[in-house]
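Colleague: Hi! I'm new to this one, could you walk me through it?
Modeller: Happy to, let's bring it up first.

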Amino acid sequence: MHPTALKNHFHDLRPAMLETIQNLVERESPSMEKPMLDDLARYLQGRFQDAGAEVDLLPNSTHGDHLRAFFPGPKNTASRPALILGHFDTVWPAGTLTDRPFTIRDDQARGPGIFDMKANLVLVEFALQALSAPGAGLRRPVVVLLTSDEEIGSPTSRMLIEAHARQAEYVLVVEPPLPGGVLKTARKGTGFFVVEIEGRAAHAGIEPEKGISAIVELAHQIHYLQELNDVAAGSTVNVGIVRGGTRPNVVAASAAAEVDVRVWTRAEAERLEKAILGARPQTTGTVLKIDGFFKRPPMERTPAIGTLFERAQQIGAELGMKLREGSTGGGSDGNFSAALGVPTLDGLGIPGAGAHAEDEHILIDFLPERATLLATLLQQL
């Protein structure tokens, strides 16, 4: 199907796309609510089967089941598949929909999880449905992998994502774009560390000399961690949560901190992980324990990613779109595929704003345009 015909096709389907988006938003799916996630996975299974895919639900005992949809592409092709990554869990607790129902006002559609990223799953469904008919132009097989735990760091889906990425020719990630519809060619890697300190309790008024303050030691460690920040390299170490002590008149026997670390490069990840895990206590008599690792490696802008973006930019120009690239400090499942060296293009979702915020929304006028972009990428790459 020619890109112009595709755009007209998706323009005609805009009411149906909005109805499907509403159906997804109204099926709440918090990351920790397995029954709700499984219910949405079954609903998505039916929709992708209707779109022409072979669909498997991948059982998950600890979180929601994952979903894999396979579109076979042309007959007798030995081409490596394209991989599309998305997720259907959200940060919003059950019941959020009561106070913030799905609404359409002017050029915006609103609702919990609509921007990040339920509306973008609809793009995938409708784009592949348009291309799955015989002769419609799907160049290679396509695997769609939709996961249930992205918002909590992908603990059960990472190995699944990496296994599929290793078999793919390229990866398209339908996370929201940057403002202005900008695609993402780099993301920071994300590390999470927990610092725990054991001291010794004592009465703060009668015999403080017998105590060893875990809070004092924590203060030393916080200072050490803050010194690891490197503004020039874009590396950030943030002590975001601290806990310690029991009462004001007791020398604190324990204290702890939770630390968020963000880096642009693997080299910085290795430097900071070594420095954090290698910290030593500064207060005599305290015991220091630090656990943690990088949950997501950085998505570095490699030449392969640059080439993929340039092809997308050319395709966008054919559609009358001026596509630009950018980077973000947040991570996605695209970090995993990019770290394996697989060309990965992120931010292909619908423009909008308010991810993880109460004003979360998409700009509905961009529905036909972004569906056309995704479908044409699958046609031409």
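Colleague: Which ring does Arg27 lie over?
Modeller: Arg27 lies over the face of Tyr43, at 3.8 Å from the ring centre. Do keep in mind that this is a predicted model.

Colleague: And what about Lys295, which ring does Lys295 lie over?
Modeller: That one is Phe192, with Lys295 over its face at 5.3 Å from the ring centre.

Colleague: Switching to rings with rings: how many aromatic pairs are there?
Modeller: The count comes to two aromatic pairs. One of them is Phe48 with Phe71: the ring centres are 6.5 Å apart and the planes are at 70°, so the pair is edge-to-face.

Colleague: Where do Phe48 and Phe71 lie?
Modeller: Phe48 is in helix α3 (residues 34-50) and Phe71 in strand β2 (residues 66-71), so the pair ties together parts 23 residues apart in sequence.

Colleague: Are Phe48 and Phe71 buried or exposed?
Modeller: Both Phe48 and Phe71 are buried.

Colleague: How far apart are the ring centres of Phe193 and Phe294?
Modeller: They are 6.2 Å apart with the planes at 75°, so this pair is edge-to-face. Phe193 in strand β9 and Phe294 in strand β12 are 101 residues apart, and the pair links distant parts of the chain. Phe193 is buried at a relative accessible area of 0%, and Phe294 is buried at 11%.

Colleague: New topic, helices! At what angle do the axes of α1 and α2 cross?
Modeller: They cross at roughly 55° and come within 4 Å. The two helices are therefore oblique to each other.

Colleague: Which residues of α1 and α2 meet?
Modeller: Phe10, His11 and Asp12 in α1 meet Arg14, Pro15 and Met17 in α2. By class, that contact has three nonpolar, one polar and two charged residues.

Technical notes: Residues numbered from 1 in each chain as written. Predicted model: local features only at pLDDT ≥ 70, side-chain atom pairs only at ≥ 80, totals over all residues. Heavy atoms only, no water. Axes fitted to C-alpha atoms, helices over the stretch in contact; angles between N-to-C directions. Parallel < 35°, antiparallel > 145°, perpendicular 65-115°, else oblique. Contact = heavy atoms within 4.5 Å. Nonpolar A, V, L, I, M, F, W, Y, C, P; charged D, E, K, R; others polar. Phe/Tyr/Trp six-rings, centres within 6.5 Å; stacked < 30°, edge-to-face > 60°. Buried < 20%, exposed > 50% of the residue type's maximum accessible area, 1.4 Å probe, protein only. Lys NZ or Arg CZ within 6 Å of the ring centre and 35° of its normal.
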